[in-house]
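Here are a few notes to read alongside the model. Please keep the structure open as you go.

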Amino acid sequence: MRLAVLDEGHSFRAKLMFGMIRLFSGQRVVDAVKLVMYRPEFYGNPMKRITHEAMRGPSAWSVGDRELMAAYVSKVNGTEFCIKAHSAVAGRAYQDDARVSATLADLDTAPISEPLRATLGMLGKLARENTVDADDMRALLAAGVSRAQIEDALAVAFSFNVTDRLADAFNFTVPGPKAFAAGAKFLLARGYR
Amino acid sequence: MADITEARKAIVARILAGDGKASREQRKAAFDNAGLSDPLRTLIEKVAKNARTVTDQDVAAVRAAGLSEDQIFELVVCGAVGQAVRQNERGLAALAAAAERV
């Protein structure tokens, strides 16, 4: 973590919680948790509300689909922590890690539905080029993606276009697979609140 | 449908208009990625456009210019949220234009 306050500047209550997490999960608290627990009234609390609604709120997309979108946007942004964290959640939600790794390796040949493939392509362009146009959206609608599904996908992208930037700017430590497996279990059970 | 409209407005209002260690003017400039001077300008430009290229030196230079870690925390958050808001608005505008004439 690039700022010392994000590593050890937390309130007593937050530090107590980090100790409990370490005791019960056997894993050190990951930097994503440290970020949202630092002065949570400024960033963590309002951001968790957005991420929980985007990832677990009502949607025609499954939780696995939305976690795959999070992993895919993070892949385009090049953010290793978030790619690994959300690949783990998507794989667990789908009960299919191979589908996730195939999608991140090659979107064109991935074993996913055409509406999801087209949607991921649009989210990738938005992350890469910072914009998309009406023709991109017409193509999605023609591929059978509903307007509500596009809005839901844009909400997921919003959340991860913020989170990825902060993970990279603050230089999140990337832990081993056990930490991400424990995190995935927690995020599927509890969401982002 | 998942609806983040109000929650998105709420975080923007919080980080720009609420209390903070950095001035409201500076938070708004970081959010807009406009009107900043170096070394903060370089840090926020990277956060907005290519965050994975941020280095320890970028942050150290901003510290050396007199900003506290808390101020840097706030301004980096503003820079990240601002860019994501602009992307989100462009996406929603493109969708609205496409839905008008499919």
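This is a predicted model: local features need pLDDT of at least 70, side-chain atom pairs count only at pLDDT 80 or more; totals for chains, interfaces and linings use all residues.

1. Residues are numbered from 1 along each chain as its sequence is written, chains are lettered from A and ligands numbered from 1 in the order in which they are written, and side-chain values use heavy atoms, leaving out hydrogens and water.

2. Start with the interface: 49 residues of chain B touch 46 residues of chain A (contact means heavy atoms within 4.5 Å). Together the two chains bury about 4,300 Å², with 67% of it on carbon and sulfur atoms (buried area is the accessible area, 1.4 Å probe, that two parts lose on being put together, summed over both).

3. Four salt bridges turn up across the interface of chain B and chain A (a side-chain nitrogen of Lys or Arg within 4 Å of a carboxyl oxygen of Asp or Glu). Elsewhere in your viewer, look for the salt bridge between the side chains of Glu41(A) and Arg14(B), at 3.5 Å, N to O.4. Within chain A, helix α6 (residues 80-94) packs on helix α7 (residues 97-105) at about 135°, axes 7 Å apart (helices are DSSP runs of H or I, at least four residues, numbered from the N terminus; axes are lines fitted to C-alpha atoms over the stretch in contact, and angles run from 0 to 180 degrees between N-to-C directions). α6(A) and α7(A) are therefore oblique to each other (angles under 35 degrees are roughly parallel, over 145 roughly antiparallel, 65 to 115 roughly perpendicular, the rest oblique).

4. Helix α8 (residues 114-129) of chain A meets helix α10 (residues 147-169) of chain A at about 40°, with axes 11 Å apart. That makes this pair, α8(A) and α10(A), oblique too. Among the residues in contact are Met122(A) of α8(A) and Leu154(A) of α10(A).

Notes: Helices (H or I, at least four residues) and strands (E, at least two) are DSSP runs, numbered from the N terminus.
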